[in-house]
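Please read the following report alongside the sequence and the three-dimensional view.

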Amino acid sequence: MLIKNGDHASTLKSFQDSPAIRKKLADIDPNIVEWQTDLVVSYWKIAQVQPEQQHALLSDALAILKKLDQDNKLDAEKKEWIAILKKELKK
C-alpha cells in the first residue's frame, strides 16, 4: 500500500523494520523453520532495494538456509533458494 501511494521512504522503513522483528523471532526459537525462512525472505527483499548491503544480506540468508538444509529442515522449494542465492552472490 505504501508503494502504491508513492511513499517510498515509509516503504523502505517498513522493509528495514521487518528483518529486525523477524530476527528476534528467529533467535527466540531457531527450531521454527518458518521464522528462519521468513528472515531469509526479509533479507532478500531488502537486498533488492539496498544494493550496498546486498552481499552481506544475501550471505546471511544463505547461511540460514545452509544450516536448515544440514539439519534436513528444508522442503524441496526452499532448497532451491540456496542455488538462487549462490547465483546472486556471484554477480
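Among the contacts (heavy atoms within 4.5 Å) in the protein between residues at least 6 apart in sequence, 46% join residues at least 24 apart. This is a predicted model, in which local features need pLDDT of at least 70 and side-chain atom pairs count only at pLDDT 80 or more, while totals for chains, interfaces and linings use all residues. Residues are numbered from 1 along each chain as its sequence is written, and side-chain values use heavy atoms, with hydrogens and water left out.

The protein has four helices and zero strands, where helices (H or I, at least four residues) and strands (E, at least two) are DSSP runs numbered from the N terminus. Read along the sequence, the pattern is α-α-α-α. Buried residues make up 27% of the 91 residues; buried means under 20% relative accessible area, exposed over 50%, and partly exposed in between, with a 1.4 Å probe and protein chains only.

The axes of helix α2 (residues 33–49) and helix α4 (residues 76–90) come within 13 Å and cross at roughly 30°, with axes being lines fitted to C-alpha atoms, for helices over the stretch in contact, and angles running from 0 to 180 degrees between N-to-C directions. The two helices are therefore roughly parallel to each other, a term for angles under 35 degrees. In this contact, T37, V40, V41 and W44 of α2 meet K78, W81, I84, L85 and E88 of α4. These residues divide into six nonpolar, one polar and two charged, where Ala, Val, Leu, Ile, Met, Phe, Trp, Tyr, Cys and Pro count as nonpolar, Asp, Glu, Lys and Arg as charged, and the others, Gly among them, as polar.

Of the 17 residues in the largest nonpolar core, Y43, I64, L65 and L85 touch the most other members; such a core is a set of buried Ala, Val, Leu, Ile, Met, Phe, Trp, Tyr and Cys residues joined through side-chain atoms within 4.5 Å. The elements giving two or more residues to this core are α2, α3 and α4, and α3 gives the most, with seven residues.

Two residues differ in their accessibility class as follows.

| Residue | Relative accessibility | Class |
|---|---|---|
| A56 | 46% | partly exposed |
| E88 | 18% | buried |

A56 is found in helix α3 (residues 54–70), and its C-alpha atom is separated by 9.2 Å from that of Y43, 13 residues apart along the chain. Leaving aside neighbours within four places in sequence, E88 is in contact with W44, Q54 and L58.

How values were computed. Parallel < 35°, antiparallel > 145°, perpendicular 65-115°, else oblique.
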